[in-house]
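Today I am opening my notebook on salt bridges.

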Amino acid sequence: MSGRLFGSPMFLGFDHLEQMLERASKGSGDGYPPYNIEQIAPNGLRITLAVAGFRMEDLQITQEDNQLVIRGRQADEGEERVYLHRGIASRQFQKAFVLAEGIEIGGAWLDNGLLHIDLFRPQPEVRVKQIEIMQGGQKAQVPSGSGVKPRPTPRMLHPVMDVDGS
């Protein structure tokens with residue numbers, strides 16, 4: 001077996017999932033800013049980042065394909081400060097979370113140095129589709145643009161002759 005996670009022939013079409021997992025594992029190991037992820041409802045999550053010292057205009061939240069990206073960059077205030085001890089981090093950051101398909105962003109707000117982002121997954125409708133089994137001589141309808149070529153109709157081993165011998 002190869003080193004692939006979804007290498008089994010029973011997992012069809014999961015290549016994108018494997019790529020997402022690889023991308024997530026290559027993410028930075030930097031723990032700044034610290035964050036929590038909590039389940040707030042059966043279909044809801046909340047990400048909370050500790051962003052002390054950042055104002056709303058210093059933060060940017062974007063959804064880039066299947067990633068939630070949070071960036072923080074504090075603007076220089078131009079003041080010359082003399083710190084005797086500087087324990088509050090004020091460096092820029094970028095934190096990315098890989099989102100599963102269908103996850104939606106519910107909203108974000110800043111409260112007492114904590115940035116909260118709510119996520120939810122709408123309940124999918126249960127779909128059942130009956131697949132028709134065709135007779136041997138009929139071809140399946142393949143949607144145009146799918147790149148799938150229909151299988152040729154099976155041919156008979158011996159051609160059938162007409163009664164007149166032709």
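Below are my entries on the charged pairs I looked up.

**Ground rules.** I am working with a predicted model, where local features need pLDDT of at least 70 and side-chain atom pairs count only at pLDDT 80 or more, while totals for chains, interfaces and linings use all residues. I number residues from 1 along each chain as its sequence is written, and side-chain values use heavy atoms, with hydrogens and water left out.

**How many salt bridges are there?** I find four in the structure. For me the term means a side-chain nitrogen of Lys or Arg within 4 Å of a carboxyl oxygen of Asp or Glu.

**Arg 46 and Asp 118.** I looked up this salt bridge and noted 2.6 Å from N to O. Arg 46 sits in strand β2 (residues 44–50) and Asp 118 in strand β7 (residues 114–120), so this pair ties together parts 72 residues apart in sequence. Strands here are DSSP runs (E, at least two residues), numbered from the N terminus. Asp 118 has a relative accessible area of 17%, and is buried. I call a residue buried under 20% relative accessible area, exposed over 50% and partly exposed in between, using a 1.4 Å probe and protein chains only.

**Arg 55 and its partners.** Arg 55 meets Asp 58 in a salt bridge at 3.4 Å, N to O. Arg 55 is partly exposed at 39%, whereas Asp 58 is buried at 8%. I also noted a network of salt bridges linking Arg 55, Glu 57 and Asp 58.

**Arg 71 and Glu 64.** The closest N and O atoms of this salt bridge are 3.1 Å apart. Arg 71 is partly exposed at 25%, and Glu 64 is partly exposed at 35%.

Terms used: Helices (H or I, at least four residues) and strands (E, at least two) are DSSP runs, numbered from the N terminus.
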